[in-house]
Amino acid sequence: MKYQHSRTGTLLSRGAVIGIMFGAAGAIAGVDGHTASAEEAASGFPTACELNELEVPEPDLDNHVSAMDPTGSYIVGFSGHTSEDIKPWLWHDGEGQYLDVPSDPSMLMAINSSGAGIGYSSADEGKNRVWMYQDGDFEEYPDLGGVPRDINDNGDFVGNDGQPYVVPAGQKEPTYLDLPDEALDGSARSINDAGTVVGRISTGNPEEPDYEPYLWDADGNGMTLPWPDGHEDAFGYAQSIQGEWITGHVQSTGMKWHYTPEDGATAHVVEDLGSASDTSPNNVTIGTYLVDDDVYQQSRMVTPDGNVELAGIEDEKTDTVADYVSEDASVVAGTSSPVQDVKHVVAWTCD
């Protein structure tokens with residue numbers, strides 16, 4: 001099992017304060033180190049972000065984030081140290097609560113702005129039980145196994161059950177996505193509201209496969225996403241899509257793509273991130289970079305106007321990982337882990 005590191009009455013995007021406040025807002029600096037001007041601050045991109053720790057059911061355990069909805073209103077994650085003892089939780093309206101899942105262990109993998117989440121429970125016979133969660137109820141998909149990965153605001157979700165699939169909203173049966181002839185296998189990781197799916201394929205030697213970022217359009221047609229100049233021999237995958245922006249991993253360089261059905265995909269290196277986690281529809285990217293002799297991760301937001309540092313619970317020797325950004329870039333969710341302490345779930349409110 002892969003762990004991705006991963007409001008009170010008003011939405012976070014409207015500036016609500018959540019949890020316990022630990023840090024001050026981070027200043028914005030462009031790639032050349034300048035401070036944002038008043039004109040830049042008026043461009044609509046965030047210029048400062050404030051750190052808050054989320055209220056979770058058991059803060060003394062390691063806590064991880066597994067998803068956030070596009071508005072930043074719902075955040076889901078899990079507590080625990082191993083795949084056998086994890087407990088999934090849902091944070092909403094300022095409180096976190098454990099989910100009364102169909103069986104243990106279980107994971108809630110994704111959630112949309114209606115509060116509909118997709119997840120799975122491990123089964124003794126080896127086939128996972130896939131379910132959709134909403135308002136305390138679980139709807140199972142008895143003929144579907146594997147791991148669901150993402151759900152869009154229409155209710156369509158994607159996952160992998162030996163082959164990548166899409167389950168359209170209101171249906172029980174998956175539509176399996178075709179793979180190119182050269183692919184050994186493939187994986188679907190994210191879907192946007194237009195029905196575009198991104199993930200990866202593996203090619204080459206089965207013993208040491210190459211991973212390539214891949215996209216399926218709303219009609220199921222597939223294409224390999226391009227590498228920018230100088231990265232043609234890279235390996236990686238696409239992990240999230242919001243609007244027309246796709247974020248992915250490529251070795252130790254932040255990477256994203258802009259895609260439209262009319263113009264195809266263009267690749268962009270995010271120079272100020274060693275790893276890019278997510279990009280909003282208005283082209284704000286979050287991720288991490290290594291500091292202190294490449295031991296600790298710190299996080300930042302990269303906007304078209306410059307960078308906003310995402311402060312951790314402590315300034316030094318703290319692993320701080322930004323995982324998800326809301327569609328308006330006003331909320332970022334992730335974790336912050338001071339040395340010799342548990343993982344804390346945090347959210348930054350940005351304006």
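In strand S11, Glu-140 is the bridge partner of Trp-131. The model is predicted: local features require pLDDT of at least 70, side-chain atom pairs count only at pLDDT 80 or more, and totals for chains, interfaces and linings use all residues. Residues are numbered from 1 along each chain as its sequence is written, and side-chain values use heavy atoms, with hydrogens and water left out.

The protein contains 1 helix and 30 strands; helices (H or I, at least four residues) and strands (E, at least two) are DSSP runs numbered from the N terminus. Of the 351 residues, 54% are buried, that is, under 20% relative accessible area with a 1.4 Å probe, protein chains only.

Strands of a sheet pair through backbone hydrogen bonds, either parallel or antiparallel. Here two strands count as paired if DSSP finds at least two bridges between them.

Another open antiparallel sheet has the order S16-S17-S18-S19. Strands S16 (185–191) and S19 (222–224) stand at its edges with a single partner strand each, so one side of each lacks a neighbour in the sheet. The twist averages 35 degrees from one strand to the next. Within strand S18, Tyr-211 is the bridge partner of Ser-202.

| Antiparallel pair | Bridges |
|---|---|
| S10 (residues 129–134) and S11 | 4 bridges |
| S17 (residues 197–205) and S18 (residues 208–216) | 9 bridges |

Notes: Buried < 20%, exposed > 50% of the residue type's maximum accessible area, 1.4 Å probe, protein only. Axes fitted to C-alpha atoms, helices over the stretch in contact; angles between N-to-C directions.
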